[in-house]
Amino acid sequence: MALSIEDVTSALSSVMDPELRAPITTLDMVGDISVSDSSLAVEIRLTIVGCPAADTIERDVRQALSGVAGERSVELTVGVMTTDQRTSLITRLRKGKSPTNPFTPDSLTRVIAVTSGKGGVGKSSITVNLAAAVSRQGFSVGIIDADVFGFSIPGLLGIPSLQPTQIDDMMLPPVAHDIKVLSIGMFLGSEQAVAWRGPLLHRTLEQFLTDSYFGDLDFLFLDLPPGTGDIAISVGQLLPHAEILVVTTPQPSASDVAWRSGDVARQTGQTVLGVIENMSGFTVADGTRLDVFGSGGGQKVADRLQVPLLGSLPLSPNLREAGDEGTPLVIADPDNAVSKLLREIAQKIVRSGPSKVGRKLPVSQRIS
C-alpha cells in the first residue's frame, strides 16, 4: 500500500493536545516523518519535559499511525520542543502579542461573573453547573475561581489537586468536564489559607487573565467572592464588560444584601444579567411544600435591581452530593428536576447575549 508523508500528516491531524485543545499538527508538535516500504518513523515533540498529557498524546499518535501504517513497522520517537520552538508556539498562541488580557470588550467571549451578597448561598455550585450546561450546548467554556479566600471550584469539578501546565511564562488551565479551569487553590497546599490584601488580590486576578492561555472561549464564568470587596472592584476594572448574575437564597438575611453586589457592578459599568434564587421551597413525598429558608427573596432582589428572576432552584441534596463527588449535577444526573431548571437558566443566559451580526470574526484557525 502506497503511503505518503501527507497521508501520515493527515492521520496525525486527528490527534488533539488535551490541554491546548488543538491538533498536534497545527501546534508544530510533529517533527520528522520517514516512510519506506517496510517502516514508518515519526517524531513527536512535547511542549515541556514531564508534560502531563504525554501518555495520552503518545497513545493517540500510535492509534492514528496504526490506521495508515499497514504492514509497516512503526517507530515513534517522543522528544521535547527546543526553547526556540516553544517560544514560537507561545508567540503564535498569543497572536504575536505580549502577555495581555484577551477578554476585552472587543473580544467574542462573553464574561459571566457570578456573585452574591453573602456566603453559603450555593454560588459556586451554580457556577459550575451553569458552565457545564452551557458547555453541553456546544460552546467553549472556561471558569476562573476568583473567590481567592474560599476557593472551591476545583473540588466541585473533581480536580482538587490538579495544577496548570507551565510552558515558559504561559499557564495552561486544566480541563475538567470539557471546561478549562483556573483557581488559586491549584497553587496552594490543601492546608494553606490565603490572607492577602487588595493589591495582591488584584494582581492575582490580573495574572489569571494575562498569563494563562484559555484559547478562544465562547463563555468565561467567574466565581466571585461574596460581597462588594476588592475582587469585585478589580473585576470591574479588568473586565468592565462582564455580565453579572446575582445569587441569593429566599430569606431576608441573604436577599437584603444580595442586591448590593449587583449595584456595585453597575457602578463600575457592568451589566446585571439577572437573579437566581437558590435553596427555595420544595415539595416532599406527601405533597407538603417546605419553605425552609422562606420565600420571595429572589424576586425581591430582582425587583430592586430591575432585572429578571432567571429561576428558582429548590433546596437539593442531589446538587450538594454531586458537587461533593466532583461532577456537576447537570452531567451526573441530567434528568434530575434541578438539572432541568439549571439547563433552562443556562439557555436564558445564552439567548440573552448581544447579537454578533456584523462583528468581525477571527479568520485564523481556532485553537480552543
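Predicted model: local features only at pLDDT ≥ 70, side-chain atom pairs only at ≥ 80, totals over all residues.
Local features need pLDDT of at least 70 and side-chain atom pairs count only at pLDDT 80 or more, while totals for chains, interfaces and linings use all residues. Residues are numbered from 1 along each chain as its sequence is written, and side-chain values use heavy atoms, with hydrogens and water left out.

**Exercise 1.** Determine how many salt bridges the rule gives, and locate the partners Lys-95 and Asp-216.

*Solution.* Step 1: apply the criterion, a side-chain nitrogen of Lys or Arg within 4 Å of a carboxyl oxygen of Asp or Glu. The count comes to 14 salt bridges.
Step 1: Lys-95 and Asp-216 form one of these, at 3.6 Å from N to O. Lys-95 lies in the loop between helix H3 (83-93) and strand E6 (110-116), and Asp-216 in the loop between helix H6 (198-210) and strand E12 (219-223), 121 residues apart. Helices (H or I, at least four residues) and strands (E, at least two) are DSSP runs numbered from the N terminus.

**Exercise 2.** State whether Lys-123 and Asp-147 are buried or exposed.

*Solution.* Step 1: their side chains meet in a salt bridge of 3.8 Å, N to O.
Step 1: buried means under 20% relative accessible area, exposed over 50%, and partly exposed in between (1.4 Å probe, protein chains only). Both Lys-123 and Asp-147 are buried.

**Exercise 3.** Classify Leu-315 by its relative accessibility.

*Solution.* Step 1: Leu-315 is in the loop between strand E17 (309-314) and helix H10 (317-324).
Step 1: Leu-315 counts as partly exposed because its relative accessibility is 31%.
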